[in-house]
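This report describes selected backbone and packing features of a protein structure. The sequence and the coordinates are shown first, and the discussion follows.

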Number of protein chains: 2
Amino acid sequence: VGLPLVERLLAGDLRALARAITLVESASSSRPAILKEAYPATGRAAVVGITGPPGAGKSSLVDALARAYRRRGERIGIIAVDPSSAFSGGAILGDRIRMQQHHGDPGVYIRSMANRGHAGGLARATPDAVDLIDAAGFSIILVETVGVGQDEVEVVDGAETVVVVLVPGMGDDIQSLKAGIMEIAHLFVINKCDRGGADRVETDIQQLLSLGSWEGRWRPRILRTTATTGEGVEGVVGAIAEHQEKTRGATGAGHRRRDLSRARFLGLLQERLLLEVRRRVGAARLEAAIDEIASRRIDPYTAAAAVAAEAGLGDGP
Amino acid sequence: VGLPLVERLLAGDLRALARAITLVESASSSRPAILKEAYPATGRAAVVGITGPPGAGKSSLVDALARAYRRRGERIGIIAVDPSSAFSGGAILGDRIRMQQHHGDPGVYIRSMANRGHAGGLARATPDAVDLIDAAGFSIILVETVGVGQDEVEVVDGAETVVVVLVPGMGDDIQSLKAGIMEIAHLFVINKCDRGGADRVETDIQQLLSLGSWEGRWRPRILRTTATTGEGVEGVVGAIAEHQEKTRGATGAGHRRRDLSRARFLGLLQERLLLEVRRRVGAARLEAAIDEIASRRIDPYTAAAAVAAEAGLGDGP
């Protein structure tokens, strides 16, 4: 693995792309080399996260967006993120049904990513997969979450533009949903507007937004769609383009790309530092510290300071 | 700050407790010293996380549980976690209303914790606050989430016993909620059972559970309540006690306490290592790396390896 695989990927070979994502997702030892080679070809795709409560019609909206982008001749990648591990099946099945719909269209690449066991794994692997799809020449990448778990909010927060999909009739639920999800939105899409009741949801969102301070920041837009008929979908495409333009600009919302780079870099650096400390003090030393903390013989702050000092980092407790 | 404050806290002084939590929550420099002194007095309280979708009646259940524990003469701490920062107000208000209800009862301590800006801050600060309430002699600590954001799942996952509150009439939503939330539950409480329709929700949960493998693990229990009338609440108290007993035992679910200690220790260690690397290479070096990554001149893996090597950790890229 390594060079030839990435060369084929950069030439747009979808089998090479799939293989590279699998290697990166499984945290194979070839991961750094693959990413290093692909990285200079990244940064061109617009990366859009799509999330929202169950039943809001996220998948229908993603499908409608995919059709809209295809009409414009854009190549589109879709990553469906499902962090459920003990309980699985749903997402993968939906993925296969979708695959058939776009079967034979090399302009649509669909990939579902499930949790491989370790916490935060998805949040780490998804940006890598995004980079590879980007490097393979897809101009739009939609990252769609299946549920509302911790990993998913983290994953979608790693996208440049975050779309939160809501539906009429949520009533007071909007107020409660705000935590976490409402905060990361750049666009609110009220879907299933054929049902009626969109005004009420829009008023609720506006009310929430009025509590925030948007001076010098992107003020989230509110849009309406009926994804199943395609109504309003072009408006979403336009709003995504508008936010992308701001995101890539030099001021205000333009800082987002840098913030995303910061989070990713610091996460990888911390992962690496921990591995090095484990190598230096030995895994058994770490386990002993955990035992002492669990049995209340030492507090976690003192234990962390002691281990850091033993690894030659810091002045000790 | 330091010793006298913690001594008063250990003696059960609630003003000292409040002050200590504020210091710890704001990541004051006295945080390690406070935690170090309080830590030997911790590990006695049962720590119970309460989460669930908006509208499930989490607050009512928490209030009903508080009354049930007070009848048994137990001292109860309640932490209401609200990660919303740009949008705020709701949780704090609810908190004040609640405070009044238990006003003058030194056996109930209520604290709400909101996001202080940096991601993951709440997940870090909540276990510290739990430790301090524990050290102040409260035997039950309920950690209640306000919404369903990323931080909140993380926070509740740090509790020993996790209660997920659901309601009849959720229909297919249970299927979608599974991601993240369903996985961390030890107890499912179907609340608002006076509405009818609880059988359907219970069947849905059972079906989900049947997909999991529970060999040698705690199989989540399903209970029914109507928190507003108190119906079924004693059953929840009993199930929490049963799970706590298993959690503190030596086998199976007993590993949970150790797992929690592990996550907390490794998180603190990584935080410390990053600070030390920043001290060694300089903050400007980290910012330069982030710039290079954002402009695609270097990939994040290579950049992390380079910075680690410059800090004297690892062999470089």
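In which loop of chain A does A:Arg296 lie? In this predicted model, A:Arg296 belongs to the loop that joins helix H12 (283–294) to helix H13 (300–310) of chain A. Its phi is positive, at about 65°, although A:Arg296 is not a glycine. Most residues other than glycine have a negative phi.

With a relative accessible area of 21%, B:Arg296 is partly exposed, because the buried class ends under 20%.

**Helix packing in chain A**

Helix H4 (residues 58–71) and helix H10 (residues 233–248) of chain A have axes that come within 10 Å and cross at roughly 75°. H4(A) is therefore roughly perpendicular to H10(A), since angles of 65 to 115 degrees fall in that class. On the H4(A) side, the contact is formed by A:Ala64, A:Leu65, A:Ala68, A:Tyr69 and A:Arg71. H10(A) contributes A:Val233, A:Glu234, A:Val236, A:Val237 and A:Ile240. Sorted by class, this contact holds eight nonpolar residues, two charged residues and no polar ones.

**The sheet of chain B**

Chain B contains an open sheet of seven strands in the order S3-S2-S4-S1-S5-S6-S7, and the pairing is parallel. Strand S3 (108–114) and strand S7 (221–224) of chain B stand at the edges; each has a single partner strand, so one side of each lacks a neighbour in the sheet. On average, neighbouring strands of this sheet are turned by 20° against each other, direction ignored.

B:Gly77 has B:Tyr109 of S3(B) as its bridge partner. Strands of a sheet pair through backbone hydrogen bonds.

| Helix of chain B | Strands of chain B it lies across | Angle to a named strand |
|---|---|---|
| H4 (residues 58–71) | S1 (46–51), S2, S3, S4 (140–145), S5 (161–166), S6 (187–190) | about 175° to S4(B) |
| H9 (residues 198–211) | S5, S6, S7 | about 170° to S7(B) |

Key: Residues numbered from 1 in each chain as written. Chains lettered and ligands numbered in written order. Predicted model: local features only at pLDDT ≥ 70, side-chain atom pairs only at ≥ 80, totals over all residues. Heavy atoms only, no water. Axes fitted to C-alpha atoms, helices over the stretch in contact; angles between N-to-C directions. Helix = DSSP H or I, 4+ residues; strand = E, 2+ residues; numbered from the N terminus. Parallel < 35°, antiparallel > 145°, perpendicular 65-115°, else oblique. Contact = heavy atoms within 4.5 Å. Nonpolar A, V, L, I, M, F, W, Y, C, P; charged D, E, K, R; others polar. Buried < 20%, exposed > 50% of the residue type's maximum accessible area, 1.4 Å probe, protein only. Pairing = 2+ DSSP bridges.
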